[in-house]
Amino acid sequence: MNVDAQEDQTNLQDEEKFLISVEDTLNIVEKSIHNFIKDVPEALVNSGLSLDLEKLNIQDGQKIQDLICSFRKSDSDRKHKEENEKISTLELECAQLRSQLHQQMDENKKAQEEIVYLREQILNQSTYCATLGAVLGNLTWRASRCPEIVEVWLSGFQNKIGEFLSITDGSFVAFINTYRNAFPPTCNVEYKFIIGLLGIVTNISATPKGREFLIIEPNGRAFIQKMLKFMPTLPLSQGSLSLKRLMLMTFYNVSMNKTGLQYLFELRIGDVLSYYLKNNSLSDEIQFLCLRILQSITYDLTNPKYIQDLITNLPIDKIDDIATSNKDEMSTVAKLVLKQLRDLQKYIGSN
C-alpha cells in the first residue's frame with residue numbers, strides 16, 4: 001500500500017468517528033427536548049402563566065376594542081367634518097345664488113318697467129303717426145277730387161304715386177288682417193287713415209289717365225288684385241260700408257278702361273259681384289254699385305268665355321227680383337243688366 005492510500009484510510013476513519021460523535025449528541029438533545037415538553041404544561045400551570053396570558057388577551061382585546069371605537073369615532077368625526085364643510089359650501093353657494101336671483105329680479109323689474117314705458121311710447125308714437133296720416137290722407141283725398149290735381153300728380157310725380165300705391169297696398173292688407181272679424185268704429189284714426197288712402201286711389205281711377213296708370217303701374221295692379229281678393233272676406237258690419245263703397249267704385253272706374261276690364265275678368269270679378277248680390281244682408285247701396293259694375297263690364301262684351309262665366313255664376317233670379325221692385329234707379333240698372341246679358345247669349349258658341 002502506498003502512502004496516499006494510507007492517508008485516505010486514515011481520513012475515512014476520522015470522519016466515521018466524527019459522525020458517531022454527532023449522532024450521540026443529537027440523541028442526547030432529543031431526550032432533553034422530550035423531557036422539556038413533558039414538563040412545560042405543569043410548569044405553566046404552577047407558574048400561573050396561563051392566567052397572565054388570559055389577562056393579557058383580555059387587556060389586548062379591550063385595547064383593540066378601544067382602538068376600533070377610537071378609529072370609528074375618528075372616522076365619524078372626519079365624515080362629520082367633511083359633511084359640515086359641504087354644508088357650509090352649499091350654504092355659501094345658496095347665498096351667492098340668492099344674491100344673484102335678487103339681482104336678476106331687480107334687473108327684470110327694471111326691464112319690465114322699461115318695456116312698459118317703451119310700449120307706451122310706441123303706442124303714443126303710433127297713435128300720433130296714425131292721426132297725422134289720417135289728417136293728411138283725408139286732406140289729400142279731398143284735394144284729389146279735383147281732376148286737375150290728379151293730372152298734375154300723374155304728369156310730374158308718377159314715381160311718387162307708385163310709392164304711394166305700394167304704401168296703400170301694405171297698409172290695406174295690414175288693416176284687413178288686423179280687423180278681419182270686426183272693423184273698428186269709423187271714428188278710429190286707423191280706419192280714417194285707410195279710408196283716406198282708398199279715397200285717393202278711387203279719385204285717381206276716376207280720370208282716364210289715372211285708371212290707365214293704375215293698370216300699367218305694377219303697384220297699382222297689385223293693389224287692385226288685393227282688393228278683389230279681400231272683398232268676400234270683409235265683415236258684414238255697418239262699419240265696413242265706406243270701405244266697400246270705395247273699393248266697388250274703384251272697380252267701376254277701372255272697368256271703363258279696356259286693359260282694366262280685361263284685368264278684372266282675369267281676376268274673376270264676376271265671382272265677387274255674385275257673392276255680394278246673393279247676400280241679402282248687404283245694403284241696397286252696395287248691391288246698386290255691384291249692378292253698376294255689371295252694367296259696365298257687360299256693355300259691348302264679346303268674349304264667349306267671360307259671357308258664359310257670368311251667365312252661369314250670376315244670381316239671375318236675384319237680379320230679376322231687383323228689376324221688378326220699386327227701387328227706381330236700382331231697378332233700372334238691373335233691367336239694363338238683364339237685357340245686356342240676354343243680348344250677349346248670341347256670342348256663346350260663336351267661336
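Helix axes here are lines fitted to C-alpha atoms over the stretch in contact, and angles between them run from 0 to 180 degrees between N-to-C directions. Two packed helices are described by the angle between their axes and the distance between the axes. The model discussed here is predicted.

**A pair of helices**

Helix α11 spans residues 284–297, and helix α14 spans residues 329–344. The two pack at an angle of about 30°. Their axes lie 9 Å apart. The crossing of α11 and α14 is left-handed.

Which residues meet where α11 and α14 touch? From α11 come D284, Q287, F288, L291, R292, L294 and Q295. From α14 come E329, M330, V333, A334, L336, V337 and Q340. By class, this contact has eight nonpolar residues, three polar ones and three charged ones. An α-helix has 3.6 residues a turn, so residues three or four places apart point the same way.

**The chain as a whole**

The chain has 14 helices and zero strands. Read from the N terminus, its elements run α-α-α-α-α-α-α-α-α-α-α-α-α-α. There are 351 residues, and 32% of them count as buried. The accessible surface comes to about 22,900 Å². Carbon and sulfur atoms account for 56% of that surface.

Contacts also reach along the sequence. Take those between residues at least 6 apart: 73% of them join residues at least 24 apart.

**Helix α6 and its surroundings**

Helix α6 covers residues 208–216. Its buried residues are G210, R211, F213, L214 and I215. What do they pack against? Their partners are α3 (147–156), α4 (158–178), α5 (189–205), α7 (218–230), α8 (241–255) and α9 (258–266).

**Phenylalanine 230**

F230 is found in helix α7. Is F230 buried or exposed? Its relative accessible area is 6%, and buried means under 20%, so F230 is buried. Leaving aside neighbours within four places in sequence, F230 is in contact with F172, V173, I176, N177 and R180. One of these, V173, is 57 residues from F230 in sequence. In space, F230 and V173 are 8.6 Å apart, C-alpha to C-alpha.

Most residues other than glycine have a negative phi, and most peptide bonds are trans. D300 and D328 each have a positive phi.

**Cysteines**

A disulfide is a covalent bond between the sulfur atoms of two cysteines. How many disulfides does the count give? With the cut-off for a pair of sulfur atoms set within 2.5 Å, the count comes to zero.

C129 has a relative accessible area of 41%. That value falls between the cut-offs of 20% and 50%, so C129 is partly exposed. C187 counts as exposed because its relative accessibility is 57%, over the 50% cut-off.

How values were computed. Residues are numbered from 1 along each chain as its sequence is written. This is a predicted model: local features need pLDDT of at least 70, side-chain atom pairs count only at pLDDT 80 or more; totals for chains, interfaces and linings use all residues. Side-chain values use heavy atoms; hydrogens and water are left out. Helices (H or I, at least four residues) and strands (E, at least two) are DSSP runs, numbered from the N terminus. A crossing is left-handed if the near helix is turned anticlockwise from the far one by less than a right angle, and right-handed if clockwise. Contact means heavy atoms within 4.5 Å. Ala, Val, Leu, Ile, Met, Phe, Trp, Tyr, Cys and Pro count as nonpolar, Asp, Glu, Lys and Arg as charged, and the others, Gly among them, as polar. Buried means under 20% relative accessible area, exposed over 50%, partly exposed in between (1.4 Å probe, protein chains only). Accessible areas come from the Shrake-Rupley method with a 1.4 Å probe; for residues, only the protein chains shown count as cover.
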